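I opened my notebook to record what I looked up in this structure.

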Amino acid sequence: MKMKTASILRIGAGALFAAGIIWTAGNLLQSGAYFDKMRSKQDAITKLREIKQQNDLLAASFDALSSLPNTVPSLSALASATVTGAVAEIRELDSRTMGRGWGAKRTEIKFSDVSLNSIAEFLRSAETQRPPWRLAECVIVSSPKADGIGSVTLTMEMVMRQP
Amino acid sequence: MNLSFIKCRYGASLPGKTLKIVRSTRSLTGRIIHSTVTSLPGQQPTLESPSPVAGCIGIQESLTLWLDTPFTSKNKTLKVLPSMLDVQLPFPLEDCCYCFVQFRRNAARTFSVLAVAARRAIIQQRLDQYKACGIDPIIIDHEGLALWQESLREKPARSDTTRIIIGLEPDHISFVIGSGNIFLNAHSLQAAPEAGAVPKPEEIFQRMHRILCAELQAKKPVEWFFCGDLARRPELVNSLHRLLSGEWPGAYMVHGSPETFLPRALASRALANGDTACNLRQRELTHADVRMEHKKRSTRAFLMLFLAGMTLCLFNLAWQITGSIQFKDAKLEISRLTRELAPDCAIPYGREVPEVQKIVQKRMNDFAPVLHVFARPLATRLAEIINAGKEARLAYTRLEITRDKIIIGGTTEDWNYCERLAKRLENSGYKTEMERTEGQEDNLVHFIMKGTAQP
């Protein structure tokens, strides 16, 4: 039996509507899984961007260091200039290559029976050098003899460009 | 049936094979305005196109009856009504056109339903009569219901009063019985076999009397209403009323313009399209305009369905494409960041964050001295801790500090002074542990405080 055009159009309209409803239902059912996947991807992007911030900080630090002179300020000279009445024992602990043309050097300085105020002066002077020495460790043992006197062991760290 | 596409209605009756037409329109205030349409003898009347004409089937050619159903639910009632009507009819229901026009609840909350039915062949005959006069009515109403409703519209009923409307037409006499607002029954008598002869009141009374005796209690007060072409003859109306009120006392009234009362009634009902609307022009007898309107409405409905389906499909397609693009963009961004942070590493899909974190953390550890150059100097922290000790009246005997931890040993005069230092260290981001002992020889409190820097 030949179907009338109107009947075909009606069946077509009904089928299209049914398809739309089924498709919508399918999409709604899958939407939970989709949003979970998207949330997981967004979380990953957020974490990676946080990691990138740390990495950018490192890159910015290298850029800032590159403008500093490539000389190593002498700790011995600094100690002589700032600490009076005590002799510094200076010992190089280690020197290592970090990469990207940069290395790090650690040096230990010991002062016996020294005025603690002069140590503060020494540290201020070392930290303001270009490039700066940075305090990495410090051990202070006060002397029972007098207030403000003690033995001090400082571990100083410096970053330097390697040839 | 909604005929709202028509703005005015015509009522057409065929008393004595003479066509009478009334045009009715509803004013903005809701009042129905009637005007009689006249046509020259032998010529077809001129009506507005499309012709929204309501005709009627005579009382003698149709049937009205109240069906008492046992159901309190209207839906259930609607399901059984055709079967109940079929039982009551003297001919097969399949040969009839019928309407259920009024639903009334009984004292037992069940439904009584007023049914109107007529044989299809009779309706076809009536349509042919109309067509012979140049009219093709959209609606075929019921004469009795039309008379009843128009009478109530023109003269509202007093509650519980019996009303009898007598339509005096040249070829027949119809009378409708009702109580209050409720239509009860309708009857019709063939009148005056000789054309143009006026029926005798005594003869009419005798024939009516037999029927009314079965319907009404003796001496029950009744309101008598007259209409129809012959109601313009006062002598006929007075005589008939005198005879009738002798049995059932009550005043009478003749409706205004009684000769056009029926077409007026038909037009009013078609215009009102209310609860008691009735159209016996059904199925294959349905008017072509109505069929066309149905077809249009059906086409419109399917078009809407098609558009809704199309909209849904497009919406879903857009949803899927957008979702897919967003997901792809997110993957590309992850891939870009991974390549930027770990350019030389092959990282499996889904493991980007932990692997990159590991690589960058190792890089941070390797280049920690570079970061230390620009971080807050440890010497500054050392100075703060020494000053805090002075403020808390503590005497340090040993102080060890690195970037991660601190150990302070010392003495103080008061047990609680150490708390101040502990609080200060905690504010600076250390997690502290403290050991305190009372000195045996010097009466001082000896303490050791350990602090670990929190990440």
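**Entry 1: ground rules.** I noted that this is a predicted model, where local features need pLDDT of at least 70, side-chain atom pairs count only at pLDDT 80 or more, and totals for chains, interfaces and linings use all residues. Residues are numbered from 1 along each chain as its sequence is written, while chains are lettered from A and ligands numbered from 1 in the order in which they are written.

**Entry 2: chain A.** I looked up the elements of chain A and found 3 helices and 4 strands. Helices (H or I, at least four residues) and strands (E, at least two) are DSSP runs, numbered from the N terminus. From that end, chain A reads α-α-β-β-α-β-β. Of its 163 residues, 21% are buried. A buried residue has 20 or more other C-beta atoms within 10 Å of its own; 12 or fewer makes it exposed, anything in between partly exposed, with C-beta atoms placed from the backbone.

I then checked helix 3 (residues 116–127) of chain A. This helix lies across strand 2 (102–115), strand 3 and strand 4 (149–161) of chain A, and runs at about 160° to strand 2 of chain A. Axes are lines fitted to C-alpha atoms, for helices over the stretch in contact, and angles run from 0 to 180 degrees between N-to-C directions.

Entry 3: In what order do the strands of the open sheet come? I read 1(A)-2(A)-4(A)-3(A)-14(B)-15(B)-17(B)-16(B), 8 strands with antiparallel pairing. Strands pair if DSSP finds at least two bridges between them. The edges are strand 1 (89–99) of chain A and strand 16 of chain B, each pairing on one side only. From one strand to the next, the twist averages 15°.

I followed the join between the chains. Strand 3 (residues 134–142) of chain A and strand 14 of chain B run antiparallel, joined by 5 bridges. V141(A) has R398(B) as its bridge partner there. Within chain B, strands 15 and 17 pair antiparallel over 8 bridges. T412(B) is bridged to V445(B) in strand 17 of chain B.

**Entry 4: the interface.** I found 49 residues of chain B in contact with 50 residues of chain A. Contact means that C-beta atoms, placed from the backbone, lie within 7 Å. Helix 7 of chain B gives the most to chain B's side, with 21 residues. That side has 31 nonpolar, 9 polar and 9 charged residues. Ala, Val, Leu, Ile, Met, Phe, Trp, Tyr, Cys and Pro count as nonpolar, Asp, Glu, Lys and Arg as charged, and the others, Gly among them, as polar.

**Entry 5: helix 11 of chain B.** Here C418(B), L421(B) and L425(B) are buried.

**Entry 6: two crossing helices.** Helix 3 (residues 143–154) and helix 6 (residues 261–272) of chain B pack at about 85°, with axes 8 Å apart. They are therefore roughly perpendicular (65 to 115 degrees; under 35 is roughly parallel, over 145 roughly antiparallel, the rest oblique). The contact residues divide into 6 nonpolar, 2 polar and 5 charged.

Notes: Two residues are in contact if their C-beta atoms, placed from the backbone, lie within 7 Å.
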